[in-house]
Amino acid sequence: MKEIKMGQGEMMMNEAEKSRIIYRLAGCRQDPELLERSVKRNVFGNLTAVLSMDLMTDLRRGIRAERRITREDAARWGMEEEELWNYAWKNTPRRYPAVLRPLDEVLRELIRVRGKGAEQDLLENDLLDDRRMQENQKRPLYVLTNLMGVNGAAALLYPGILESAAKQIAGDLLILPSSIHEVLIQKWDGEIDLEVAAEMVKIINRQDVAPEEVLADCVYVYRKDSGRIECVRAKEE
């Protein structure tokens, strides 16, 4: 990242650099030392958002690079953390637009792009078995991420995104944290035991998700009438 010297050795950011300040959701198994140094805040129940500098993004070619912003960076730039967050709230939805799509549509596209290998992987993980597909038809699952599919769980924080999803799905929302890259959303009708759902998420996190990509061992319910978010954690072992 280019930095410009301004008087008495201070390092200041220009407007182009400020436009690259973004936020991400940190995984629950994040490196604690890095997390401690980061510019961060608690959001969305028990989740933590952190700031990064978007160094390079090419949505068409799927190329990206970024660097975590630390408190030392903020001090060196002479910027208050709240000022950095104000830029991030504005920049992130613009640089990484949200995408909400039915899960079965995403799976079909994955098979089309990656072929038989992807289909076999989905079968081995029971994502294409008859029971799962019938359940998805009864209570459709949606994938919320961004256009790149990278660090897309941060779209949960985009202004109006959950309100819009609740209108599209026509009800309260059950949110399953799949990974730091995406979350699964379905209509919440009270039929699913939330503690059981949270335990399922926890098991999947341990078996199928890379440790550095685990978002949370819990589920969330978004109440469309109040805009309130409830967090239900998996039981402690």
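## Basis of the model

Residues are numbered from 1 along each chain as its sequence is written, and side-chain values use heavy atoms, with hydrogens and water left out. Because the model is predicted, local features need pLDDT of at least 70 and side-chain atom pairs count only at pLDDT 80 or more, whereas totals for chains, interfaces and linings use all residues.

## Helix α8 and its buried face

Helix α8 covers residues 161-169, and I161, L162, A165, A166 and I169 are buried within it. Seen down the axis of α8, these buried residues fall within an arc of 135 degrees, so they line one face of the helix; the arc is that of the directions from the helix axis to the C-beta atoms. An α-helix has 3.6 residues a turn, so residues three or four places apart point the same way. Buried here means under 20% relative accessible area, exposed means over 50%, and partly exposed lies in between, with a 1.4 Å probe and protein chains only. Helices (H or I, at least four residues) and strands (E, at least two) are DSSP runs, numbered from the N terminus.

The buried residues of α8 pack against the strands β7 (98-102), β8 (141-146), β9 (172-179), β10 (182-188), β11 (218-223) and β12 (228-233), where contact means heavy atoms within 4.5 Å. Just after α8, A170 takes a positive phi of about 65 degrees.

## Two cysteines without a bond

A disulfide is a covalent bond between the sulfur atoms of two cysteines, and it is counted here as a pair of cysteine sulfur atoms within 2.5 Å. The structure holds zero disulfides. The sulfur of C218 has its closest cysteine sulfur in C231, at 3.8 Å, which is too far for a bond. C218 is buried, with a relative accessible area of 0%, while C231 counts as partly exposed at 25% relative accessibility.

V143 lies in strand β8 and counts as buried at 10% relative accessibility. From C-alpha to C-alpha, V143 and I175 are 9.8 Å apart in space, and they are 32 residues apart in sequence.

D172 lies in strand β9 and is buried, with a relative accessible area of 16%. A polar atom of the D172 side chain lies 2.9 Å from the backbone nitrogen of K224. Leaving aside residues up to four places away in sequence, D172 touches Q186, K187, W188, Y222, R223 and K224.

Technical notes. Polar contact = N/O pair within 3.5 Å; in protein donor to acceptor, adjacent residues only side chain to side chain.
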